[in-house]
Amino acid sequence: MNRLQFRAAVIYWRGPAPFLFAAIPAALAADIRALGSAVSYGWGCIPVSAQIGEARFTTSLLPKDGSYLLPLKVAARKAIGPVDVGDTLDVSLDIGTSR
């Protein structure tokens, strides 16, 4: 499995719903791009399984400004606990396990 662990800041982006995202550190972008090249299903989106605290969920990373955003779906935010813009989250990410 291709697992990455990192800290990510929660940001608001009026892009596709859910509007709150964990911004992947730019230093990991090249590694994610390399690992995700075999599993990307188009437009640079990369399927992942993420774990934040006890909450585990599947989604896809979205490319943004040379790195990626991890969507924080409403169900995931409820499982994580209160999450707001500016928070920092400890994230464990498995590349290519969403589909």
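The secondary structure of the chain consists of 2 helices and 6 strands, where helices (H or I, at least four residues) and strands (E, at least two) are DSSP runs numbered from the N terminus. Along the sequence these follow the pattern β-β-α-β-β-β-α-β. The model is predicted: local features need pLDDT of at least 70, side-chain atom pairs count only at pLDDT 80 or more, and totals for chains, interfaces and linings use all residues. Residues are numbered from 1 along each chain as its sequence is written, and side-chain values use heavy atoms, with hydrogens and water left out.

The C-alpha trace spans about 35 × 25 × 25 Å along its principal axes. Of the 99 residues in the chain, 41% are buried (under 20% relative accessible area, with exposed over 50% and partly exposed in between; 1.4 Å probe, protein chains only). Among contacts (heavy atoms within 4.5 Å) with a separation of 6 or more, 61% join residues 24 or more positions apart.

Phe6 lies in strand β1, residues 2-12, and counts as buried because its relative accessibility is 9%. Leaving aside neighbours within four places in sequence, Phe6 is in contact with Ile24, Pro25, Leu28, Leu89, Asp90, Val91 and Leu93. One of these, Leu28, is 22 residues from Phe6 along the chain, and the C-alpha atoms of Phe6 and Leu28 are 8.8 Å apart.

Gly15 is in the loop between β1 and β2 (20-23). With a relative accessible area of 24%, Gly15 is partly exposed. The C-alpha atoms of Gly15 and Tyr41, 26 residues apart along the chain, are separated by 19 Å.
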